[in-house]
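Colleague: I would like to learn how to read packing features in a model. Please take me through this one step by step.

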Amino acid sequence: MRKVFFTSLFFIFILAIYCYVSRPHLDFIDDDIHITLNEKTTPYEYIKEYHHLTKKQVKIKDNVNTHKCGQYTIEYQYEQKTQKLKVFVEDTLPPEFEVRNKKIFINETIEPKDLVSHIKDDTKTTVYFYENYIFNQEKTYTVEVVVEDEYANKTKKKAYVLVEKKDIEAPTLEGLTPLEINKGQNIDLSKGVIKKDDHDDNPKLIIDDSKLNIDEVGEYTVLYTVKDQSGNQTTYSRKITVKSPYDNKEAKADGIKTCYLTFDDGPSYNTPKVLEILDRYHIKATFFITGTHSDSYQYMKTIAKKGHTIGLHTYSHDYEEIYTSLAAYMKDLKKVQDLVKRQTGIESHFMRFPGGSSNLVSKKYNVGIMKRLTKKVIDEGYQYYDWTCVNGDGENIKTVDGLIKKAKEETGDLEDIMFLMHDGSSNGATVKALPTIIEFLKDKGYQFKVIDETAPTFHHSVQN
């Protein structure tokens, strides 16, 4: 009887072990998982072995906020059971930063943060010196700066502090290039001016513009004085030229060859082809828009989005309609300006006259209108731009070879050029010739710019 009891007990024990082993469950690679702050969790990779389960049977509930340090759980659900795995999110990475050296005077104090920049860490950081320093000698000190985060991760780097007896070096100014402005144009004389000093981070700038009269055409000198906290100062002069807004804004002879590529009469189905070529060569251009192709208005958005300049070329491009009177022209110009504003959000004030400011066709409809128009548009806040070179696509040259030949002849040895081409619906040959023309200009050493407020206007001589 006793033997039967122990035999039964043994079989019950074996059965219990079998039931325990054969039940569905998961083994994990570790009892706890430790991950770094902002590290992505990979719940399935934490499973070492599936017992009487397949991966598809296991559903994951990931409760881990990887952006905040702490203890979390991942729940593994299967067959109405849940196994939980602890996950600890920890910040284990030390901060990254750059050091910068400083100049100070004897016995002057300096903050550790003044010697570091561009700190990178996932948590708040503290900056301190590794040891105390007293800057009481005229020499270069080697100091150690520590950046430590909230979780005691720290990085230590060396920096240098040059201690001097007295600040005798005056501050300097950069960016005082000569300026050209239109009569009556308000300007910020401090814009683009950079102050530099070896000790003072913000030296005082004094601008004496008492001799500048923006309402009188002429050349003026503005004085810039920069003064540091030790009293050292330097005075610079800057040339300001006040021009009549009706004058041609000439290109500067600076030895840099610059080309302003411009396209008139678009947008049309040829416009995206031109844009693709410009993208290929990493070039920006200026497009003088008309309203004659309503099915292509959407390309205005593309032009603006790609960083090209949009100018105005009248809405109708109908010489008889626009050159009848000043009122007729300005009405048409405002119409195309409103069109561009609706399509792009840009209120362009750059424009080009159909036929250019030198055209004689206008004389057929109104004698002397161009002399009045060139002043009228400027009085209304616009600026017009003519050109120096053409590829001939507006002169009935239809072949690709002919357009390339004309473009090369027109360029010559000019230092700065404004190139007129067209991207209208009839200008397929221009699209085909454009890559060769661009490569020719690049080989000649031209850089490419868009029209902006600083661009030369290349005004023609008005003949009507």
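**Reading the model**

Modeller: Strands (E, at least two residues) and helices (H or I, at least four) are DSSP runs, numbered from the N terminus. This is a predicted model: local features need pLDDT of at least 70, side-chain atom pairs count only at pLDDT 80 or more, and totals for chains, interfaces and linings use all residues. Residues are numbered from 1 along each chain as its sequence is written, and side-chain values use heavy atoms, with hydrogens and water left out.

Colleague: Is Val 390 buried or exposed?

Modeller: Use the cut-offs: buried is under 20% relative accessible area, exposed is over 50%, and partly exposed is in between, with a 1.4 Å probe and protein chains only. Val 390 has 9%, so Val 390 is buried.

Colleague: Which residues is Val 390 in contact with, leaving aside neighbours within four places in sequence?

Modeller: Contact means heavy atoms within 4.5 Å. On that basis Val 390 touches Glu 395, Lys 406, Ala 407, Glu 410, Phe 419 and Leu 420.

Colleague: Now helices. How is a packed pair described?

Modeller: Two packed helices are described by the angle between their axes and the distance between the axes. Axes are lines fitted to C-alpha atoms, for helices over the stretch in contact, and angles run from 0 to 180 degrees between N-to-C directions. Angles under 35 degrees count as roughly parallel, over 145 as roughly antiparallel, 65 to 115 as roughly perpendicular, and the rest as oblique. A crossing is right-handed if the near helix is turned clockwise from the far one by less than a right angle, and left-handed if anticlockwise.

Colleague: At what angle do α5 and α6 cross?

Modeller: Roughly 45°, with the axes coming within 10 Å. The two helices are therefore oblique to each other. The crossing of α5 past α6 is right-handed. On the α5 side the contact uses Leu 326, Tyr 329, Met 330 and Leu 333, and on the α6 side Ile 369, Arg 372, Leu 373, Lys 376 and Val 377.

Colleague: And how are α2 and α8 oriented to each other?

Modeller: Helix α2 (residues 271-280) and helix α8 (residues 428-443) cross at roughly 20°, and their axes come within 10 Å. They are therefore roughly parallel. This crossing is right-handed. Contact residues include Val 274 and Ile 277 of α2, and Leu 434 and Ile 438 of α8.

Colleague: What is the angle between α7 and α8?

Modeller: About 35°, with axes 9 Å apart; helix α7 covers residues 400-411. The crossing is right-handed. Among the contact residues are Leu 403, Ile 404 and Ala 407 of α7, and Ala 433, Ile 437 and Phe 440 of α8.

Colleague: How many aromatic pairs does the structure hold?

Modeller: Rings of Phe, Tyr and Trp (its six-membered ring) pair if their centres lie within 6.5 Å; planes under 30 degrees apart are stacked, over 60 edge-to-face, and the rest tilted. The structure holds 11 such pairs. Tyr 319 and Tyr 323 have ring centres 5.7 Å apart and planes at 70°, so this pair is edge-to-face. Tyr 319 is partly exposed at 22%, whereas Tyr 323 is buried at 0%. Tyr 329 and Phe 353 form a tilted pair, 5.4 Å centre to centre with 45° between the planes.

Colleague: What does the pair of Tyr 329 and Phe 353 tie together?

Modeller: Tyr 329 lies in helix α5 (residues 326-344) and Phe 353 in the loop between β22 (350-351) and α6 (369-379), so the pair ties together parts 24 residues apart in sequence. Tyr 329 is buried at 0%, and Phe 353 is buried at 1%. Ring pairs link Tyr 319, Tyr 323, Tyr 329, Phe 353 and Tyr 384 into a cluster.

Colleague: Which ring does the charged end of Lys 375 sit over?

Modeller: A charge sits over a ring if NZ of Lys or CZ of Arg is within 6 Å of the ring centre and within 35 degrees of the ring normal. For Lys 375 the ring is that of Tyr 246, with the charged end 4.2 Å from its centre. The charged end of Lys 139 sits over the ring of Tyr 141, 4.6 Å from its centre.
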